[in-house]
Amino acid sequence: MLSVFKNAMNYVQNSDETLVGRQIDKDPIVEGLVTDLVDEVTVHNGSLFGVRPPQPHLVEQFKKKMDHLGALRGRPLYHPYIGTGAGNGVYVELEDGSVKLDLINGIGIHIMGHSHPRVMKATVRGALADIVMQGNLQPNNEYWQLSEKLVQIASRKSRLKHAWFATCGTMANESALKLARQKNSPARHIFAMKNAFAGRSTMMAEVTDNPAYKQGLPDYNEVLRIPNYDKKDPQSAEKALKAMKELYAKHEKDVSCFVFEPMLGEGGFVPVPREFYVPMLEFCKQNKIAIWADEVQTFARTGEYFAFETMDLGQYVDIVTIAKTVQLGVTFYTEEYNPKPGLIAGTFSGSTGSMMAGLEILNILAEGYIGPNGRIMEIHRRFIDGLNRLNETTCKGLVIDAGGMGLMIAFTPFDGKKEQVELLIKKMFQNGLIAFSCGKDPVRIRLLVPAIIQDQDIETALQLIEKSILQGLG
Ligand SMILES: Cc1ncc(COP(=O)(O)O)c(C=O)c1O
């Protein structure tokens, strides 16, 4: 018997509650229906438990679809990828009938993998709300719940006190910059790291240090670049601080903030020791320059919720931005950076489904994923050990510098030569493993591993990496 009917028999309407709150949240019939619905979908998705090649009878039709989509977009997609909407953990089904092991997850969106039953249930419940998108004028209960949960997590080891939603990381970053500039008005310059990535709005393209992402755009000359940590150079912290001081001397009282990714994402997944940042953060504090950690990619991936916790930098941060994992963008700020009304807002703050899914993802993460002995760090150790093993055995010298933080894992094949690394990514895709690149020189293979990956799937991923590298040699 469907649980909905069982539940219906137990359902006793409480007339005192009928006037307060969304009744379906307390309605076991609805609860049973949602459970049955997601259970049924999960049964279907259960057939996706391993890599599968494209199905010959779908290949031609798929290619036509890809070509058409490419024409609509004005350029093809990076990977020949159109999902069917079915997945199961690390596995995802494509329209050509193939099933891939997904280790990039929409560049970090699907931290719980594909079709996670609890995330699906939360999203379905969100879809049952009176509206699709919530806004800052008329938010619903989930807006409050998610704000409360996020501020509670963010404030444990920092002075962050407020959270403001945005629809993506770029917009969260736009809000962050405005808060910093308003508080420190009229200072306009920005300290940002070399090889930074901050998004693709006009201003975030300026903060991003990649000429390919702003071809033909005017240069606003508002960003002052700080050199990165270089593990081969014992002086690199001193050099970075010196550069910051020299730039400041030229632009005294005209620097609004220092934005840094605790570990560069697009820039190459090279972990940075705390000691590299601290002198610069102290300098910014002394000079009342806002300290803004862009955690759009690092949030929930480095072992703790925030990389500023993993790196013990919480005492310094004034502003922090996140997105991806929580299914919308969020700008956190301290009391002193709370902006004047009107500076940040916007029609959309996120869909009800994404707010509920974000909340549920945070709930799941609290169940054994976080902390030095949590599952995230266990996955990291297992994956890095496996990559190092390949580098020492069958793929000698071709899986170098395996590292990163937590679920952010990268390695350098073929000396980081762009063309060869790109070919390897294509080869991996054909073999059933979805990855991406990061870094410029060297170009590295980037993996954003979902937190739900099982040990046997890590082994499968390592085998696919090995197979693809060996084919690349042949
Ligand atoms: C560090 C960092 N900041 C900002 C962004 C932009 O976020 P979004 O693409 O959600 O606008 C990204 C996206 O990858 C990122 O990695």
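Predicted model: local features only at pLDDT ≥ 70, side-chain atom pairs only at ≥ 80, totals over all residues.
Trainee: What makes the peptide bond that joins Asp441 and Pro442 a cis bond?

Mentor: Its omega is about 15 degrees, and on that value the bond joining Asp441 and Pro442 is cis. A cis peptide bond also joins Ser185 and Pro186, where omega is about 5 degrees, and Pro186 lies in the loop between H7 and strand E6 (189-193). As background, most peptide bonds are trans.

Trainee: Why is Asn221 called exposed?

Mentor: Asn221 has 9 other C-beta atoms within 10 Å, and a residue counts as exposed if that number is 12 or fewer, so Asn221 is exposed. Asn221 sits in the loop between helix H8 (202-207) and strand E7 (223-226), and has a positive phi of about 55 degrees although it is not a glycine.

Trainee: Why is H13 described as roughly parallel to H15?

Mentor: The axes of helix H13 (residues 375-392) and helix H15 (residues 455-473) come within 10 Å and cross at roughly 30 degrees. Angles under 35 degrees count as roughly parallel, so H13 is roughly parallel to H15. H13 passes H15 in a right-handed crossing.

Trainee: Which residues of H13 and H15 make the contact?

Mentor: H13 contributes Ile379, Arg382, Phe383, Gly386 and Leu390, while H15 contributes Asp455, Ile458, Leu462, Ile465 and Glu466. By class, the residues of this contact of H13 with H15 divide into six nonpolar, one polar and three charged.

Trainee: And which residues are closest to the ligand?

Mentor: The closest are Cys168, Gly169, Thr170, Gly199 and Val296, out of 15 residues that surround the ligand. Helix H7 (residues 169-183) gives the most to this shell, with three residues, and by class the shell has six nonpolar, six polar and three charged residues.

Note on methods
Residues numbered from 1 in each chain as written. Near = placed C-beta within 6 Å. Helix = DSSP H or I, 4+ residues; strand = E, 2+ residues; numbered from the N terminus. Nonpolar A, V, L, I, M, F, W, Y, C, P; charged D, E, K, R; others polar. Buried ≥ 20, exposed ≤ 12 C-beta atoms within 10 Å, placed from the backbone. Axes fitted to C-alpha atoms, helices over the stretch in contact; angles between N-to-C directions. Parallel < 35°, antiparallel > 145°, perpendicular 65-115°, else oblique. Left-handed = near helix turned anticlockwise from the far one by under 90°. Contact = placed C-beta atoms within 7 Å.
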